[in-house]
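I opened a new notebook page for this chain.

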Amino acid sequence: MPHVIGSVRERGVLLYRIRPDFPASWASHLDAADAALLDGTDVTGVVSVGQYPAIRGPDLAEAFGARLGRDVVFDQITAEELRTSMAPLIGEQGCSGAVPLQPVLEPLEREAARGVPYDRLAVQRCRVR
């Protein structure tokens with residue numbers, strides 16, 4: 001998302017609404033779009049998009065830093081801060097009608113990890129990289 005990468009590039013801070021110690025199967029919007037555009041008919045069922053194995057926010061910030069050639073740190077933001085940062089992209093009206101993120105994320109964050117099972121990954125099921 002432009003506001004996320006903008007903060008990384010301008011300030012060296014990866015702002016995201018997830019605990020820093022919570023492993024997640026991160027994926028970019030471009031990764032998700034690539035998987036959505038697959039036109040093969042031999043793949044059925046659920047295909048997940050995300051990094052395997054799951055990594056934590058500080059690890060993702062380090063990867064951004066390596067790619068950009070600068071130090072990048074991870075900073076957890078609140079659901080409200082995330083909504084506010086998205087408003088310029090989708091408008092205040094779009095943000096006000098969005099499902100609140102807190103009730104969605106809290107149960108997930110109580111789990112030990114939220115990684116995508118390897119056998120459901122697009123890179124495994126659809127042979128994409």
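The entries below follow the order in which I looked things up.

**Entry 1: confidence.** I noted first that this is a predicted model. The chain averages a pLDDT of 75. I found 66% of the residues at 70 or above. By element, strand S2 has the highest mean, 96. Helix H6 (residues 122-125) has the lowest, 50. Where pLDDT is low, predicted coordinates should not be read in detail.

**Entry 2: layout.** I counted six helices and two strands. Read from the N terminus, the order is α-β-α-α-β-α-α-α. The chain has 129 residues, and 28% of them count as buried. I then looked at contacts between residues at least 6 apart in sequence: 76% join residues at least 24 apart. The exposed surface comes to about 8500 Å². Carbon and sulfur atoms supply 55% of that area.

**Entry 3: helix H3.** I checked the length of H3 (residues 57-68) next. Twelve residues at 1.5 Å each should span 16 Å, and the end C-alpha atoms are 16 Å apart, so the two agree. Which residues of H3 are buried? I found Gly 57, Leu 60, Ala 61 and Gly 65. Down the helix axis these buried residues fall within an arc of 145°, so they line one face of H3. The general rule is that an α-helix has 3.6 residues a turn, so residues three or four places apart point the same way.

I turned to the face of H3 directed away from the buried side. Glu 62, Ala 66 and Arg 67 are exposed there. The cover over the buried residues of H3 includes strands S1 (13-16) and S2 (73-76). Just after the helix, Gly 69 takes a positive phi of about 70°.

**Entry 4: core.** I listed the largest nonpolar core and got twelve residues. Among them are Val 4, Val 8, Leu 14, Ile 18, Phe 22, Trp 26 and Phe 74. Leu 60 and Ala 61, buried in H3, belong to this core too. Helices H1 (2-11) and H3 are the elements that give two or more residues to it. In soluble globular proteins, nonpolar side chains tend to be buried together.

**Entry 5: Val 72.** I picked one core member, Val 72, and asked what it touches beyond four places in sequence. On one side of the sequence I noted Val 8, Gly 12, Val 13 and Leu 14. The list also holds Ala 61, Glu 62, Phe 64 and Gly 65. Of these, Ala 61 and Gly 65 are buried in H3, while Glu 62 is exposed.

Conventions. Residues are numbered from 1 along each chain as its sequence is written. This is a predicted model: local features need pLDDT of at least 70, side-chain atom pairs count only at pLDDT 80 or more; totals for chains, interfaces and linings use all residues. Side-chain values use heavy atoms; hydrogens and water are left out. Helices (H or I, at least four residues) and strands (E, at least two) are DSSP runs, numbered from the N terminus. The expected span of a helix is 1.5 Å times one less than its number of residues. Buried means under 20% relative accessible area, exposed over 50%, partly exposed in between (1.4 Å probe, protein chains only). The arc is that of the directions from the helix axis to the C-beta atoms. Contact means heavy atoms within 4.5 Å. A nonpolar core is a set of buried Ala, Val, Leu, Ile, Met, Phe, Trp, Tyr and Cys residues joined through side-chain atoms within 4.5 Å. pLDDT is the predictor's confidence in each residue, from 0 to 100. Accessible areas come from the Shrake-Rupley method with a 1.4 Å probe; for residues, only the protein chains shown count as cover.
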